[in-house]
Each structure stands twice: as structure tokens, then as C-alpha cells.
Amino acid sequence: MKTLVEFWDENPMNNVYGALACSPDRVLYLSSSGRIRNRHKRSLPRFFSGMGRHPELIFREVAGTNLDRVSLVLEEILDKEENICFDLTGGSEVAMAALGQLSIRREISMIRFNPETGKIELFQNCSGFWRPKQDLQFCCRDIVNLMGGILLDGHGHFDGRDMDEELKADSLKVWSVYRNYYRQWSTQVFYLQKMSAAGQDPLLVRAPGIVHRDAYNMVACNENILKDLERAGVLSQLDVRDKQVCFRYKNRKLKEMLAIAGIWLEIYCFLAAKESGVFQDAQISALINWDGKIHVKESEEVHNEIDVLLVRGLTPVFISCKSGAVNASSLYEISVLARELGGVNARKVLATTMPLHSNAPNVVSRARQMGVELVEVQAMSLAELGKRLAEISESRPAD
């Protein structure tokens, strides 16, 4: 029976590196009183199970600030367990000091995982004792499980599993139109939402050239956008005359997508990440349950939608896509989500079509202070955007 002792750390990643690399039969978590909560006790088994590991998990509290007490507990563990190793990746200074004192007079096996290299550093009495499994990688679900949440099976307004080669090509064609009309796009989307099917063909639609937004305002179709979409091949049979608009969507999926205002920037970031080839997982419109509980009543669910979530190696990248105005609240939103659901290793990105560096220097300055990477996507090619996201995933996380 191989036992790994983990000193509980505020960074959840530090609590699992050693167990994943060494595959022990049992993991003993030592923490100060009250630091390990029920949420953690629920999330860790789910995390290990998702990684294909099923170690026995034991949680024990000690007086974390009392050096003598911690030393006594560690000595007790050494006396009781025969095949044991201590992971130095995380934990308090007191715990490290206590273990250091014991190592002077007792033979202790110790390891440390280096998150930057993704490798186990063998310290003392470990050679031939463990067979570390290197090159650890997480998927999006693993990251969320570790942080105590649940990546739900459903999605928000788009499911990335629908993205086949034909839809990818069509999406890039729509993006080429969208990037020229991004300021007028939301108004055009509202107009498209008001159009109804004409006859038996659900893809053939007809509507007046001007429709009511509400009791006091009207919205007119943007004929230039419709013509460009027809040239792109996602619409056909366009006919605008006698104050009537009629056309046919290429397929049902594009009809659904063209009725969603903010989807195209998300899709472009998602496709750029996939095309870059450096991310082992990418999710779009990901729904995440914050508290790690599945509630009977849907009204009790606490969840958020992440526009784009990427993972490279052990590093999660959270992307918020803003087609409209960007302000300090937009920065706080992505910062909180990344911190709560990605931990200290998470990278934070706000992707936008707006020229923030020239039009909103205060937002740029605040983003820099908060460690949020601003990416102005409007003029970037797919390859350029993918390269930029790859660079962000390699950078050191901001404080």
C-alpha cells in the first residue's frame, strides 16, 4: 500500500500534482483546522475519477501554526505507515519546517512537482521507489472538477460538437461579413429574430422591411449585410422589394446561429484555438455549476457560462468575448470566473472587436493592472489569433 502525504495548499493544483504523477494507493491530506471544506471532499474524488485514478482519500486536520504539534503528527504518520512519501509541492512554511527537522534524524522519502516543467523533481530516497508518470495534461472538465465545480453536459447558445468542416467553413464566411458590420450586427440580429417562416419550407423566410422593436421604435433590415451573407453562400434567393424581404437560409443550424447576436466572436476564438494545435481541449459556451452540487430544482442551480475555455498542458485559459462596449465590469467578470474556476494558474483573456487601445485607454490600463490580456480580434487572421492565444497560454500568470 503506497501512501502519499499532501500538505493542503490554497492552490488546488498543488494538492493533486504528486498523486497524479505517482499513482499512490492512498492520499493523506494534512491541513490546518477548517481549511478543507465539504466542497473539497466532494470535488477531489470526482476529479481523480475523471483522471482515471481512484486512490483512497483521507483528510486530517492538525494545528497548522504549532511547529511541535505538526512534528508530532508527522512522526506518528511515519511510525504507522511503511511505504510512504511526502509531497513538498504545496503546504505551509510550518509544515515544511517540521518535515525538514524530521529529515535530519529520520530517512524520509520526499518529492516535489514543478508546475513550470510539468515534471517530478526527485528529492530524497525516491529513486526506484516511485515510477512517476510524466507529461500531465488536463482537460476542461478536469480543471473545473478540481476547483469544486461541475462542467455541465449541456452548453449555452452553441455546442462545439456541432462544428463539422462544413459548418466551420460557413462560420468563417459569416465572420468575414460580421467583422465589417460588427457595430450594426446586433440590430440586424434583432431584425432576423422577427422574421417568420414562409409556407412549408422552414428555411424560407419573409418579413416587412421594417419591424417593431417595441411600442415606440422600429428596426429596418440592413440590405448590405443580407447581400454580403448571400455572396458568402449562407443565404440564397434574396429578394428585397415592395417593402418586403425574403430569402432562404442554407440550413437550420445557420438559421439558429444568425439569430444569436454575440456568437461569432466566440466561434472565431474557438476555431483559432483549435486550429493552433497547441490546446488539448477547447470548449465554447461552457456551462459551469459553481458549487459542485446537482440540485433537484433548476432554480437552485448556480452556474455561469464561459464563452471559451481552453487548456494547454496544465494551464487553463478563460476567454470572455465582448462584441459591444467594454468597461471595468467586463474585466472583473472574467477575473472572478478565472480565479474561482481556474485557480492561480489561469490565464484571463478579454477578446473584443472594439479598438480599445485607441478608444478606451482607461480600460487598457485597468486590464493591465488586473492581469487581463486584451485581444483586439477584428483585424486578426485565424492563424494570428491562434498564435496570440498560444503565447498567452505560455506566459506567466499575472498576480
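**Tour: cores, sheet and cysteines**

Start with the largest nonpolar core, which has 114 residues; a nonpolar core is a set of buried Ala, Val, Leu, Ile, Met, Phe, Trp, Tyr and Cys residues joined through side-chain atoms within 4.5 Å. Buried means under 20% relative accessible area, exposed over 50%, partly exposed in between, with a 1.4 Å probe and protein chains only. Select Trp 185, Phe 247 and Trp 264, the residues with the most contacts inside this core. Then select helix H10 (residues 263–276), which supplies the largest share of the core, 10 residues. Helices (H or I, at least four residues) and strands (E, at least two) are DSSP runs, numbered from the N terminus.

This is a predicted model: local features need pLDDT of at least 70, side-chain atom pairs count only at pLDDT 80 or more, and totals for chains, interfaces and linings use all residues. Residues are numbered from 1 along each chain as its sequence is written, and side-chain values use heavy atoms, with hydrogens and water left out.

Centre on Phe 247. Leaving aside residues up to four places away in sequence, Phe 247 touches residues including Leu 192, Met 195, Leu 226 and Gln 237; contact means heavy atoms within 4.5 Å. Next, pick Val 5, Phe 7, Leu 74 and Ile 77, which are among the 19 residues of a second, separate core.

Now show the strands. An open sheet of six strands runs in the order E7-E14-E15-E16-E17-E18, with mixed pairing; two strands pair if DSSP finds at least two bridges between them. E7 (150–155) and E18 (372–376) are the edge strands, each with a single partner strand, so one side of each has no neighbour in the sheet. From one strand to the next, the twist averages 40°.

Zoom in on E15 (residues 303–312) and E16 (residues 315–322), an antiparallel pair with five bridges. Here Leu 310 stands opposite Val 317 in E16.

Axes are lines fitted to C-alpha atoms, for helices over the stretch in contact, and angles run from 0 to 180 degrees between N-to-C directions. Helix H13 (residues 361–370) also packs on the sheet, touching E17 and E18, with its direction at about 140° to that of E18.

Finish with the cysteines. The whole structure has zero disulfides, a disulfide being a pair of cysteine sulfur atoms within 2.5 Å. For Cys 22, the nearest cysteine sulfur is that of Cys 85, 6.3 Å away; Cys 22 is buried, at 3% relative accessibility. The sulfur of Cys 246 is 12 Å from the closest cysteine sulfur, in Cys 221, too far for a bond. Cys 246 is also buried, at 12% relative accessibility.
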